[in-house]
Amino acid sequence: MTSADPSRDPSLRDPARVLSCAASHVASRDESLAASLRRERDHHALCRAALAAMVDGAQEHVVTGEDVSASGADAEVLGYRLRSRAKEMRELPEGPLFFGRLDFARSDSGQAGPGPGGPDSESDRRGAAGDHAGQSYHIGRRRISEHPAAPPLVVDWRAPVSRAFYQASARDPQGVEVRRRFGWAPGSRGEPADLTGLEDEHLRDVRPEAGRAESRILTSEIERPRVGPMRDIAATIQPDQDDLVRADLAVSVCVQGAPGTGKTAVGLHRAAYLLYTHPQRIRRAGLLILGPNPTFLSYISAVLPALGETGVRQSTIGDEIARHPVGGEDDESAAVVKHDARMAEVLRRALYARVSPAAADDLDDLDDLAVPDGSYRWRVPAGVLARIVAGVRAEEPPYAVGRERVRTRVVRYVQERAELRAGPQTNAWLQKVSRSRPVGAYVEAVWPKARPEEVVAELLTDPAALAAAADGLLDADEQKAILWARPPRSWKSARWSTADLVLLDEVAGLIEHPAGYGHMVIDEAQDLSPMECRAIGRRAAFGSVTVLGDLAQGTTPWAAREWGELLAQLGKPEASVVPLTTGFRVPEVVVELANRLLARLDVVVPPGRSLRKDGELRIRRTDDVLHETVGAVRRALTYEGSVGVITADSEVVRVREALGAAGVEVADVDQLGARVTVLGAGVAKGLEYDHVVAVEPAAITEDRGRGGGEGGEGGGVGRGRGLGLGLHQLYVVLTRAVSRLDVVHARPLPFE
């Protein structure tokens, strides 16, 4: 591998590394490394000019688009698309416009050139590496060209040809002769990023058994200190991550990712890839990023815009199913029962208990249904009516569909007899019969309208109704746990809890299928309850999902212990479970500490491993935890990057006050970009800090074991998992560090 500009980075001159300037002579390059940098800087300047022209062109189309010969709805749609395109172009973040380059070897025939339409065209999707023989392509976060018909100055990282940048190796070069990576320094005062170095990896000059060469630029980018929102990983995607990112739209996949393996980034980059590869299908069917809480969504919010994708919906399960604001709270025993999969059958029974053919005795005619037709009356025998209702019940359609199906079949019975007597009937006649009072009264009697709120409220306020619906499913104690202690006068005055909203969504889904998405990315999925999974599954019934999580980080009472059951509840039992075990962010010393704790958890997952050898771990026992915490934070501030001080939820205020009294400026967890953040262990999941100070692990473990944190309403330990959940919570805390970890404690450590 060849390195450029060693004067800027003396470490690149290490002769022991494959990254060696001497490799430039092996490659027989006739240009100096300094000349290569000048050429690449000139190319970057050209790309910036072209991008500026693209932005101006997009804005110009918005202005002139109103003059095209479209009208009405077509003009409105066109205008929306043009404005969205211009907004997307204007909001592109500042930064390098490319991060890599591929030089393809010439073919034996000497021919060169991409497939028809360019390296990122539809025809190239079917081409082999030979189609690009002799060509060079810069790889970046979005396509840049001087005009639409011109060859790209930068190829989008999602284009088919770009895959070789992530997958090519000495063992399988995929037609690539040289893979070049670029090192960048941030520009100052609004200036563009500065190209500071480059590395060339000569894939054809290395023995296949040598494996992948180490790249200092790649390593530096992965280990770069972070403050603020999560960054994209387009420049550093690894081969196993790339396989997941480029999985087909029709494929549902579950990623069991150890800490620091980039599972969240993989899910977000897969979303960006699908938007690029199937833009019309995804935009039409919809794409949803589902996260565990608003703080997490804020943390990841900048990734997709950095990849050129704006307007993607990011939400939580609570927001997706919210029919009412949360006004009530369940204790742990009630929350555990309400989130249990058995509640689905309880609710189904409660809803369909309203359907009864015997309810016809409320009508004037006890036996048959009389349907008026002018001066004539058609009679539908009671036996026919009972068979109609029983037949619809057996088909198990959504409740609202079943109601209309009963109406339709009653009308059809009348229609058939009317046509035998008087010939074909008009649509107006059919509508008149369908809307007649006797037909409507019969349908309402045997298959009444139902509101989710009415069904759930009756179930939670009427012990007899609950006992009938829960017979053989919930025992007496479980039924008592979910009954409202102070029933409201009606469902309209009910104070719904978070778990109640899940029940309402289940009934709403039984009545009518909700709108769905073409693809859903579900992060921190291990914490979802069976009932939450069912809610998500209803919205992914006709689409695919990317499930992301780590069973070892499950901290809710209903957290999954294995993926098979959770995937079945999502309606995707066929999804493959792919483990990611190699970490690139969390240092080896931190992973080894976490693996000691992993052995005590009640899940079976492969232990993680890390490629980073540079991390630091300090375990400090002290009689004054707050004083030692202040000292640990002050030491952390001597380094670059963010500092996360993570403590038991019940201790957040005390720790924040101690740091404030010592003159350390601290921020809340939702203030992204702060140097020092104090947060409870319950909200740490999914976040990362360069330096973590874990305060009193025993308190973190006990706090979660008593039901603290975000494990659902009132937390809850349920099913005897109290201490186990606390250990899971501690596992989460320890693995938030991506460079250095301080553990401050006075009490014995749970992992000792």
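**Strands, helices and confidence in a predicted chain**

Colleague: How many helices and strands are there in the chain?

Modeller: Helices (H or I, at least four residues) and strands (E, at least two) are DSSP runs, numbered from the N terminus. Residues are numbered from 1 along each chain as its sequence is written, and side-chain values use heavy atoms, without hydrogens and water. On this basis, the chain has 28 helices and 21 strands.

Colleague: Over which residues is the pLDDT below 50, with 48 contacts in the model?

Modeller: The chain averages a pLDDT of 86, and 82% of the residues score at least 70. Residues 65–70 fall below 50 and have 4 contacts (heavy atoms within 4.5 Å) beyond near neighbours in sequence. Where pLDDT is low, the predicted coordinates should not be read in detail. The stretch with 48 such contacts, also with pLDDT below 50, is residues 5–30.

Colleague: Is strand β7 enclosed or open, judged by its residues?

Modeller: Buried means under 20% relative accessible area, exposed over 50% and partly exposed in between, with a 1.4 Å probe and protein chains only. V253, V255 and G257 point one way from β7, C254 and Q256 the other way, and all are buried. Because 5 of the 5 residues of β7 (253–257) are buried, the strand is largely enclosed.

Colleague: Which residue of β14 stands opposite G257?

Modeller: Two strands pair if DSSP finds at least two bridges between them. β7 pairs in the parallel sense with β13 (residues 544–549) over 4 bridges, where V255 has L548 as its bridge partner. β7 also runs parallel to β14 (residues 576–580), joined by 5 bridges. Within β14, the residue opposite G257 is L580.

Colleague: Which strands stand at the edges of the open sheet, each with a single partner strand?

Modeller: This sheet has 5 strands in the order β17-β21-β20-β18-β19, with parallel pairing. Two strands have a single partner each, so one side of each is left without a neighbour in the sheet: β17 (616–621) and β19 (676–680).

Colleague: Which helix packs on that sheet?

Modeller: Strands β18 (residues 643–647) and β20 (residues 689–695) run parallel and are joined by 4 bridges, with V645 bridged to V693 of β20. The packing helix spans residues 652–661, touches β18, β19 and β20, and makes about 160° with the direction of β19 (axes fitted to C-alpha atoms, for helices over the stretch in contact; angles from 0 to 180 degrees between N-to-C directions); the helix is α26.

Colleague: How far apart are the axes of α14 and α15?

Modeller: The contact involves residues including V384, L385 and I388 of α14 and R405, V406 and Y413 of α15. Helix α14 (residues 382–395) and helix α15 (residues 399–422) pack at about 145°, and their axes are separated by 10 Å.

Colleague: Is V414 buried or exposed?

Modeller: V414 lies in helix α15. Leaving aside residues up to four places away in sequence, V414 touches V371, W378, V380, W429 and V433. Its C-alpha is 9.9 Å from that of R377, which is 37 residues away in sequence. At 1% relative accessibility, V414 counts as buried.

Terms used: Predicted model: local features only at pLDDT ≥ 70, side-chain atom pairs only at ≥ 80, totals over all residues. pLDDT = per-residue confidence, 0-100.
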